[in-house]
Amino acid sequence: MKHPRTVMSAVVGLGLGLAAALGTAPATVSAAPAPAAPPTSASAPYAGYTAHSGSRSHESAAANKAFFEAVVKSVASKRAAHPGLKAVTIIYSTANAPSFRTQIANSTQIWNSSVSNVRLQEGSNPDFAYYEGNDPSGSYASTDGHGNGYIFLDYAQNQQYNSTRVTAHETGHVLGLPDDYSGPCSELMSGGGPGPSCTNPYPDANERSQVNYLWQFGFAAALH
């Protein structure tokens, strides 16, 4: 990454209309200037949509865990303030990723229809935010090391790879899933491992089960 930061990556049945909207080719994303730079940190580890050699690759597991924990703590704090809340809802912001609102909406629909113990929703006072811009290392999920998580979506990578898959993959880290670059295209968290020809934006049965387990009973599993 050329940004002044080191960052980290954290962790079904849609209608025909959505399937048609997703298509089989990577989405075209306009390379407009990012409205704001993402938070920065000099200490947080990094991992992105595609694997990188060196220390960044070795840091990915810690990155997934730290990002997920930051989101869980944010949600837990809100639920403590409002004990009557029953559902686990993760709030996100797209204010800093206007070019990707369609892909983010598709990703949200996919996840909300795939799992039952947690829900994604756009709104104020977000638990994490999406950002957009140019970065030679591509897209990634991260935390600034201070409990604030965000997803960065890179313009060039989202033109090379299916943009909804990229967004759904990075959002998978928010829900607690780690990368598995050696996995097949049918596995969402294999990310860019299968190559640009892979356009699958859906989590497989094992990934859906993992997320439901982590967030069951008001994320009891996640907190322990």
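Predicted model: local features only at pLDDT ≥ 70, side-chain atom pairs only at ≥ 80, totals over all residues.
**Entry 1**

Five of them, or 5 strands in an open sheet, come in the order 2-1-3-5-4, and the pairing is mixed. At the edges I found strand 2 (119-122) and strand 4 (140-143), each of which pairs on one side only. Going from one strand to the next, the twist averages 30°. I jotted down a reminder from class: strands of a sheet pair through backbone hydrogen bonds, either parallel or antiparallel.

**Entry 1: strand 3**

Next I looked up the neighbours of strand 3. Strand 1 and strand 3 run parallel and are joined by 3 bridges; I noted S93 with its bridge partner A129 in strand 3. With strand 5, strand 3 also pairs in the parallel sense, over 6 bridges. In strand 5, Y130 has I151 as its bridge partner, and Y131 has F152.

How many residues of strand 3 are buried? I got 6 of the 6, so strand 3 is largely enclosed by the rest of the structure.

**Entry 2: T94 in strand 1**

I picked T94, which lies in strand 1. Buried or exposed? T94 has 2% relative accessibility, and the cut-off for buried is under 20%, so T94 counts as buried. Leaving aside neighbours within four places in sequence, T94 is in contact with R101, I104, E122 and Y130. I looked at E122 again: T94 and E122 are 28 residues apart in sequence, yet 7.5 Å apart in space, C-alpha to C-alpha.

**Entry 3: helix 4 and helix 6**

Then I turned to the helices on the sheet. Helix 4 lies across strand 1, strand 2, strand 3 and strand 5, and runs at about 170° to strand 1. Helix 6 lies across strand 1, strand 2, strand 3, strand 4 and strand 5, at about 165° to strand 5.

For helix 6 I wrote down 12 residues and a reach of 17 Å from first C-alpha to last, close to the 16 Å expected at 1.5 Å a residue. Helix 6 is mostly covered, with 12 of its 12 residues buried; among them are R165, H169 and E170. What caps its N-terminal end? I found N162 there, with a side-chain oxygen 3.2 Å from the backbone nitrogen of T164. After helix 6 comes G176, whose phi is positive, near 110°.

I also checked S107, which lies in helix 4. S107 is at 0% relative accessibility and therefore counts as buried. Not counting residues up to four places away in sequence, S107 touches T164, T167, A168 and T171; T164, T167, A168 and T171 are among the buried residues in helix 6.

Last, I looked at the nonpolar residues. In soluble globular proteins, nonpolar side chains tend to be buried together. The largest nonpolar core here has 32 residues, and I90, W111 and W215 have the most contacts inside it. Elements that each supply at least two residues include strand 1 (89-96), helix 4 (101-114) and helix 7 (205-223). Helix 3 gives the most, with 4 residues.

I followed W215 and, not counting residues up to four places away in sequence, found it touching F68, V71, V72, V88, I90, N117, V118, V174 and L175. There is also a second, separate core of 5 residues, including A129, Y131, Y140 and Y150.

Notes. Residues numbered from 1 in each chain as written. Heavy atoms only, no water. Core = buried A, V, L, I, M, F, W, Y, C linked by side-chain atoms within 4.5 Å. Buried < 20%, exposed > 50% of the residue type's maximum accessible area, 1.4 Å probe, protein only. Contact = heavy atoms within 4.5 Å. Expected span 1.5 Å × (residues − 1). Polar contact = N/O pair within 3.5 Å; in protein donor to acceptor, adjacent residues only side chain to side chain. Pairing = 2+ DSSP bridges. Axes fitted to C-alpha atoms, helices over the stretch in contact; angles between N-to-C directions.
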